[in-house]
Amino acid sequence: MAQNATEYWELTFNYTVNNVTYTAADKINVPASAKRTVSSFKGSDASNYLIAYIAPSSPKVAINDMTVGIYKMKDMMNFEAVNNFKVKIDPRMPSMGNHGSPNNTDLLQSETNSFYKGKLSLTMTGYWKINLQVLNDKNETIKGEPVTTDNPSSSLYFEIEF
């Protein structure tokens, strides 16, 4: 969540040097993003999730390595990494008649409690909406819809512009 006038983020580090424990804390700046790079959603399994776009941080007209994190809400302050899911991606350019791109690969987890990685193909610069479908370990869709002629966008997506 982005900061506002009454709510903010504080970062605390606890560390030890020569057997002496220290603490450093300060408020950190967390402005709202101009593009959607984090989404929270309730899955069809009634659990609450958060999915976060991590990379590419500097996309290129190419096949980019894409990385996301998926977390399940345990309570209001604690989230645990989700294992063995799959994220289908379908990047589209709404301003170009919902033009898509070839050669994308689904995002899979590389190791337990790790990020999900795949390939994101971007064929030109501009605004891209990366439509998402999140599938559980049984290959059942828990959130997101495929892009079709009648459905131009998934309810779950990221936005990038370069």
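**From a hairpin to the core and its salt bridges**

In the hairpin formed by S9 and S10, 6 residues lie between the strands, and Asn113 takes a positive phi near 60 degrees. This is a predicted model.

Stay with these strands. S9 covers residues 105-109. S9 and S10 run antiparallel and are joined by 3 bridges. Leu108 stands opposite Lys117 in S10. S9 also pairs with S7, again in the antiparallel sense, over 2 bridges. There, Val87 stands opposite Leu107 of S9.

Next comes the core. The largest nonpolar core has 24 residues. Ile51, Met66 and Ile130 touch the most other members. Strands S4 (48-55), S5 (62-75), S7 (86-93), S10 (116-122), S11 (127-135) and S13 (157-161) each give two or more residues to this core. S11 gives the most, with 4 residues.

Look closely at Met66. Setting aside neighbours within four places in sequence, Met66 contacts a list of residues that includes Tyr53, Ala55, Pro56, Ile89 and Leu107. Tyr116, Lys117, Gly118 and Leu120 are also among its contacts.

Now turn to the charged pairs. How many salt bridges are there? The count comes to 3.

One joins the side chains of Lys35 and Glu161, at 3.2 Å from N to O. Lys35 sits in the loop between S2 and S3 (38-42), while Glu161 is in S13, so this pair ties together parts 126 residues apart in sequence. Lys35 is partly exposed, with a relative accessible area of 27%. Glu161 counts as exposed because its relative accessibility is 51%, and the cut-off for exposed is over 50%.

Another salt bridge joins the side chains of Asp65 and Lys119, at 2.3 Å from N to O. This pair also links distant parts of the chain: Asp65 lies in S5 and Lys119 in S10, 54 residues apart. Lys119 is partly exposed, at 33% relative accessible area.

Asp90 forms a salt bridge with Arg92, and their closest N and O atoms are 2.8 Å apart. Asp90 is partly exposed, with a relative accessible area of 21%. Buried would require under 20%.

Finally, take Ile28. This residue is found in strand S2 (residues 20-28). Is Ile28 buried or partly exposed? Ile28 counts as partly exposed because its relative accessibility is 36%. Beyond neighbours within four places in sequence, Ile28 is in contact with Gln3, Trp9 and Leu11. Ile28 and Met93 are 65 residues apart in sequence and 34 Å apart in space, C-alpha to C-alpha.

Note on methods. Residues are numbered from 1 along each chain as its sequence is written. This is a predicted model: local features need pLDDT of at least 70, side-chain atom pairs count only at pLDDT 80 or more; totals for chains, interfaces and linings use all residues. Side-chain values use heavy atoms; hydrogens and water are left out. A nonpolar core is a set of buried Ala, Val, Leu, Ile, Met, Phe, Trp, Tyr and Cys residues joined through side-chain atoms within 4.5 Å. Buried means under 20% relative accessible area, exposed over 50%, partly exposed in between (1.4 Å probe, protein chains only). Contact means heavy atoms within 4.5 Å. Two strands pair if DSSP finds at least two bridges between them. A salt bridge is a side-chain nitrogen of Lys or Arg within 4 Å of a carboxyl oxygen of Asp or Glu.
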